[in-house]
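Here's a quick tour of a protein chain, with an eye on its surface. Have a look at the model first, then read on.

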Amino acid sequence: MEFETVLKILVSVAGTVAIPVAAYAAIAATRSIWGKAGRSPDDETAAELSALRARVQEMEAMQTRMAELEERVDFAERLLVQHRESARLPEEAR
């Protein structure tokens, strides 16, 4: 066989083997990085997670209270507008 033919065969075989090996290496690296998330959290992380969950619950409760307060402010504004409008009307129209 000629040198060029042998070289082409070697490059083809190397490419055929290198691509799956590189893909496997990438998958292994990704699993090692993201696989850490699958482990059970240590005590410090568990405590932080618990504190964050409590904080989220507090914020959700504050959102509910904020919505109720917005409704009350809207109601008070409507009452003030009605009172001002009735004060502008002449005595006969009231």
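A residue counts as exposed when its relative accessible area is over 50%, and as buried when that figure is under 20%. Glu-71 comes in at 57% relative accessibility, so it lands in the exposed class. Keep in mind that all of this rests on a predicted model.

Now for the overall layout. The protein chain has two helices and zero strands.

| Residue | Helix | Helix range |
|---|---|---|
| Val-21 | α1 | residues 3-34 |
| Glu-71 | α2 | residues 43-88 |

How much of the chain is buried? Of its 94 residues, buried ones make up 0%. The chain exposes about 9,100 Å², with 62% of that supplied by carbon and sulfur atoms.

Glu-71, for its part, belongs to a patch of negative charge on the surface, along with Glu-68, Glu-70, Asp-74 and Glu-77.

Conventions
Residues numbered from 1 in each chain as written. Predicted model: local features only at pLDDT ≥ 70, side-chain atom pairs only at ≥ 80, totals over all residues. Heavy atoms only, no water. Helix = DSSP H or I, 4+ residues; strand = E, 2+ residues; numbered from the N terminus. Buried < 20%, exposed > 50% of the residue type's maximum accessible area, 1.4 Å probe, protein only. Areas by Shrake-Rupley, 256 points an atom, 1.4 Å probe, with all protein chains shown as cover. Patch = residues over 30% accessible without salt bridge, like charges linked within 9 Å, V, L, I, M, F, W, Y side chains within 5 Å. Salt bridge = Lys/Arg side-chain N within 4 Å of Asp/Glu carboxyl O. Lys, Arg positive; Asp, Glu negative; His and termini not counted. Charge placed at Lys NZ, Arg CZ, Asp CG, Glu CD.
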